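Trainee: I would like to learn how to read strands, helices and cores in a model. Where do we start?

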Amino acid sequence: MDMGYAHWMVTEGRKEKEPPFSRSPSSEAYRRLLAETLNLNRTRIFAFKNKPPTSSSASSSSTYHQQPKPAKPRRRIRQTSERALDAPDIVDDFYLNLLDWGSSNIVAIALARSVYLWDASHGSTSELVTVDEEHGLFTSVNWAPDGRHLAIGLENSEVQLWDAASNKQLRTLKGGHRCRVGSLAWNNHILTTGGMDGLIMNNDVRIRDHIVGTYRGHSQEVCGLKWSASGQQLASGGNDNLIHIWDRRRSSMAAAHQWLHRMEEHTAAVRALAWCPFQANLLASGGGGGDMSIKFWNTITGACLNSANTYAQVCGLLWSKSERELLSSHGFTGNQLTLWKYPSMVKTAELRGHTSRVLFLAQSPDGCTVASAAGDETLRFWNVFGDPAEAAREKSAPKANSEPFSWVNRIR
Amino acid sequence: MASKTAAKDIITLRGSAAIVSEFFGYAANSILYNRAVYPEESFARVKKYGLPMLLTKDEGVKSFISNLNAQLSEWLEAGKLQRVVLVIMSMNTGEVLERWNFSIETDNEVVEKGVSREKSDKEIMREIQAIMRQIASSITYLPCLDEQCVFDVLAYTDTDVAVPFTWMESSDAKLIANPQMVKLHSFDTKIHKVNTLVSYKNDEEESDDEE
């Protein structure tokens with residue numbers, strides 16, 4: 001006879017038979033909650049960064065019947081990349097913008113002093129241009145809306161304009177900036193350039209004296225630059241932690257080059273900027289390592305609508321064109337891409353694979369695929385926003401792609 | 001506590017930390033099984049604490065829990081761990097449905113002076129066994145989780161810990177508003193005392209007064 005166990009069973013075991021609810025008096029529960037909240041001053045809470053996998057819902061046991069959901073059924077998002085290409089010598093610099101995907105379905109990527117084009121429809125690569133050391137590195141690439149012309153910014157402050165279809169350089173914009181041009185954004189025939197000098201210049205690429213306006217406001221390098229879909233507002237983010245909204249509708253001459261809004265809430269460099277495709281005047285911005293938040297802004301009033309802490313350096317942001325979702329790319333330590341539901345900011349997926357901060361993001365013209373590049377010298381493709389095969393089926397006729405290159409090179 | 005005629009075993013700080021983190025691993029598995037966070041067939045039966053216990057076969061979950069336990073052991077040995085919370089959330093809405101709260105009281109003298117304590121291993125096992133039984137029987141009163149759920153683990157520590165490489169600091173304690181709470185048994189290694197509490201979302205149909 002085990003007296004100890006018997007004693008315990010007699011005294012403590014009794015508690016099991018009491019109905020559970022009587023054990024939680026409201027005052028005690030309140031006190032506990034209060035203590036919990038107060039304790040936070042002497043406590044830190046940690047969560048493990050790599051979250052446990054979710055159970056595969058497709059094969060869930062019959063006990064848990066999937067409730068019919070009012071919304072569309074959740075699509076399966078592959079959390080690994082579809083494809084990874086080599087991107088050697090890619091510069092791991094937070095302030096550059098070395099990747100863009102044009103409307104003709106060609107990806108342009110700048111690797112040190114060369115720019116390569118990857119035709120996504122055919123999977124073929126070609127080298128567009130390589131410059132010598134005098135020019136320095138390529139610091140930004142951006143496709144014009146026609147998907148044919150490409151603007152490339154350089155370390156020596158010049159901007160080259162190329163016709164990717166005929167592989168010819170059309171012109172070089174000089175005399176504007178005095179240091180490297182790290183960010184570019186097109187608005188029809190206006191190419192907006194952002195420099196390390198903190199200046200933003202609007203260049204009309206059709207005319208000789210191409211500089212038609214200068215926006216002054218940033219005191220440090222302009223690393224994020226995006227025009228809104230309507231082309232009326234420009235958002236710029238800088239190393240000075242500021243975001244500026246510039247509005248073309250400002251008619252009076254004096255105010256024409258003054259910012260409409262200056263947002264100071266971020267506490268680190270802002271390079272991630274993305275205009276919402278389904279809601280006008282809504283901008284998402286992401287802060288660097290000292291900030292780690294994604295903030296949402298009403299660009300008419302300049303008000304901050306929401307702020308979500310992502311616990312990682314935010315390097316890039318992309319909105320889904322088909323769903324109310326936002327994709328963010330991160331640096332230390334997960335180097336992941338995170339998909340969020342908007343506006344709840346609930347994490348829907350985390351895409352892993354990169355082994356260094358995912359600085360460069362671009363979206364395919366059909367909206368399904370995201371290309372990401374990082375200092376780990378890989379260019380990865382993720383079908384995070386949708387299935388390209390499905391999207392192709394939905395479209396009536398396939399896009400006619402011009403085959404600009406006769407030779408096929410691999411990115412080395 | 002009744003005195004034991006059997007010989008007491010020496011418990012060191014390290015041993016106690018191992019017992020507590022091992023307990024947490026099994027408790028987490030048991031919760032995941034019983035609350036159907038993962039399907040039944042993904043668990044395998046093993047014998048532990050004199051009971052048939054279930055452990056997940058899923059590599060991802062296994063490695064999550066073992067990485068967790070490694071860090072918990074470290075914090076326990078330093079006497080810095082205050083509590084561990086296993087949170088169960090709806091996969092679709094992210095709403096917190098249940099919180100399994102394991103709070104830890106540490107005998108600081110042991111941490112500071114490196115002494116050891118004495119307690120019968122069997123006694124500790126029995127205490128843990130009682131808690132495991134309670135977890136298994138909790139499905140009788142916890143509300144049905146009839147949507148796909150995911151879990152996460154939060155660790156509450158003292159303020160003077162360095163942020164470990166693979167952990168992130170969270171200001172979100174993932175609390176449940178107006179929870180129902182049930183206190184389960186505790187166990188005590190004489191160095192660490194672990195109190196278990198489950199709080200869950202108030203089922204609207206319950207007319208019970210919280211008196």
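**Reading strands, sheets, a helix and cores**

Mentor: Start with a strand pair. Strands β12 (residues 190-195) and β13 of chain A pair in the antiparallel sense, over 5 bridges. Keep in mind that this is a predicted model.

Trainee: What holds such a pair together in general?

Mentor: Strands of a sheet pair through backbone hydrogen bonds, either parallel or antiparallel. Then look for residues that face each other. Here A:Leu191 stands opposite A:Asn203 in β13(A).

Trainee: How many residues lie between the strands in the hairpin of β12(A) and β13(A)?

Mentor: There are 4. Within that hairpin, A:Gly198 takes a positive phi near 85°.

Trainee: Which strand does β13(A) join through 4 bridges?

Mentor: That is β14 (residues 211-215) of chain A, and the two run antiparallel. A:Asn202 stands opposite A:Gly213 in β14(A). This pair is also a hairpin, with 6 residues between β13(A) and β14(A).

Trainee: How do I read the side chains of a strand?

Mentor: In a regular strand the side chains alternate between the two faces of the sheet. Apply that to β13(A). A:Ile200, A:Asn202 and A:Asp204 point one way. A:Met201 and A:Asn203 point the other way.

Trainee: Are the residues of β13 (residues 200-204) of chain A buried or exposed?

Mentor: The strand is mostly covered, with 5 of its 5 residues buried.

Trainee: Now whole sheets. In what order do the strands β15, β16, β17 and β18 of chain A stand?

Mentor: The order is β15-β16-β17-β18, in an open sheet with antiparallel pairing. The edges are β15 (222-227) and β18 (261-263) of chain A. Each has a single partner strand, so one side of each is left without a neighbour in the sheet. The twist averages 15° from one strand to the next.

Trainee: Can we take another sheet?

Mentor: Take the open, antiparallel sheet of 4 strands in the order β3-β4-β5-β6 (chain A). Its edge strands are β3 (99-101) and β6 (124-130) of chain A, and each pairs on one side only. Neighbouring strands are turned by 20° against each other on average, direction ignored. β3(A) and β4 (residues 106-111) of chain A pair over 3 bridges, again antiparallel. The bridge partner of A:Trp101 in β4(A) is A:Val107.

Trainee: Why does A:Ile109 count as buried?

Mentor: Because its relative accessibility is 2%, and the cut-off for buried is under 20%. A:Ile109 is found in strand β4 of chain A. Look along the chain too: A:Ile109 and A:Ala373 are 264 residues apart, yet their C-alpha atoms are separated by 8.9 Å.

Trainee: Which residue caps the N-terminal end of α2(B)?

Mentor: B:Asp58 does; a side-chain oxygen lies 2.7 Å from the backbone nitrogen of B:Gly60. Just after α2(B), B:Gly79 takes a positive phi of about 70°. The buried residues of α2(B) include B:Phe64, B:Leu68, B:Leu72 and B:Trp75.

Trainee: Last topic, the cores. How many residues are in the largest nonpolar core?

Mentor: It has 59. Among the members that touch the most others are B:Phe24, B:Leu86 and B:Trp100. Helix α1 (residues 13-34) of chain B gives the most to this core, with 12 residues. Apart from it lies another core, of 39 residues, among them A:Ile90, A:Phe94, A:Trp162 and A:Cys315.

Note on methods
Residues are numbered from 1 along each chain as its sequence is written. Chains are lettered from A and ligands numbered from 1 in the order in which they are written. This is a predicted model: local features need pLDDT of at least 70, side-chain atom pairs count only at pLDDT 80 or more; totals for chains, interfaces and linings use all residues. Side-chain values use heavy atoms; hydrogens and water are left out. Buried means under 20% relative accessible area, exposed over 50%, partly exposed in between (1.4 Å probe, protein chains only). A polar contact is a pair of N or O atoms within 3.5 Å; within protein, one must be able to donate a hydrogen and the other to accept it, and residues adjacent in sequence count only if both atoms are side-chain atoms. A nonpolar core is a set of buried Ala, Val, Leu, Ile, Met, Phe, Trp, Tyr and Cys residues joined through side-chain atoms within 4.5 Å. Two strands pair if DSSP finds at least two bridges between them. Axes are lines fitted to C-alpha atoms, for helices over the stretch in contact, and angles run from 0 to 180 degrees between N-to-C directions.
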